[in-house]
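Here are a few notes to read with the model open beside you. Take them one point at a time, and find each residue as you go.

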Amino acid sequence: MAQAPENPLRLSWHDTQMMATLSPQTVMDYFCRKSNPFYDHVCNNETIRMQRLGIEHLHNMVGMEYILLHVAEPILYVIRKQHRYNPSEATPIADYYIIGGTVYKAPDLANVINARILNTVVNLQSAFEEASSYARYHPNKGYYWDFSSNKVLSDKSKNDKKDPNAAKDDNSGTLFQKQRVDMLLAELLRKFPPPIPPMLQNLQQPLQVASGTEGSMGANSAENHAIGPLDVATESIDMKPPPEKKSK
């Protein structure tokens, strides 16, 4: 059975004989040693080394090559593996960094995201398992928490029961912390009201027509009341008593 290749992210390499003489001028010779597992011997760097050409000839060649990408003397050097198509176009394949003379392969974005997600899932799983270990159930009480096995949590629970005001003070905060996001949700709802569903719009149209009819009827009645019959107080009616008869 063939053995699976080792993960290159877990590998490292160094040469104790040349570690002390590392510099921007010698770091490529240090990386291109045959004992380095990260170095591909079928590359343009090996070709120019065999032909004793300068590193500047790499730009005129086509194929796999290694270049010095970044230098932070005296401890950090970054080397890139890339495929060159022409003097002005090359595709990066992998990056390697040398710290204190030890060579490591830099992880790509997929490996970084996978590692972070895996770390998050493991922590969440352990948190759920620990929380579920404190859950208890009783037919009369229902579900409740029992922290008697954990001395720190048990003491904190007892202190909260003895001094409820202290627990309230611990939970106190700013106005925004107390209201949480209700204020923001209300503001967003006021600025961007949700659209009315078509079914509700069809129901609102008869109501609007009815309200418009009632409004017109109310306006007409108000006009009639304003115009109305003539006011009795304004009519010129003679209210004088009849003349008295004089005695003879």
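**Notes on the model**

1. Let's start with Arg52, which counts as exposed because its relative accessibility is 80% (exposed means over 50% relative accessible area, buried under 20%, with a 1.4 Å probe and protein chains only). Arg52 sits in the loop between helix 2 and strand 1 (helices, H or I, of at least four residues and strands, E, of at least two are DSSP runs, numbered from the N terminus). Arg52 is not a glycine, yet it has a positive phi of about 55°.

2. A word on the source: this is a predicted model, where local features need pLDDT of at least 70, side-chain atom pairs count only at pLDDT 80 or more, and totals for chains, interfaces and linings use all residues. Residues are numbered from 1 along each chain as its sequence is written, and side-chain values use heavy atoms, with hydrogens and water left out.

3. Now look at Asn44 in helix 2. Asn44 counts as buried because its relative accessibility is 8%. Beyond its neighbours within four places in sequence, Asn44 is in contact (heavy atoms within 4.5 Å) with Leu58, Met61, Val62, Gly63, Met64 and Glu65.

4. Next, find Pro74 in the loop between strand 1 and strand 2 (76-86). The peptide bond joining Glu73 and Pro74 is cis, with omega about 0°. For background, most peptide bonds are trans, and most residues other than glycine have a negative phi.
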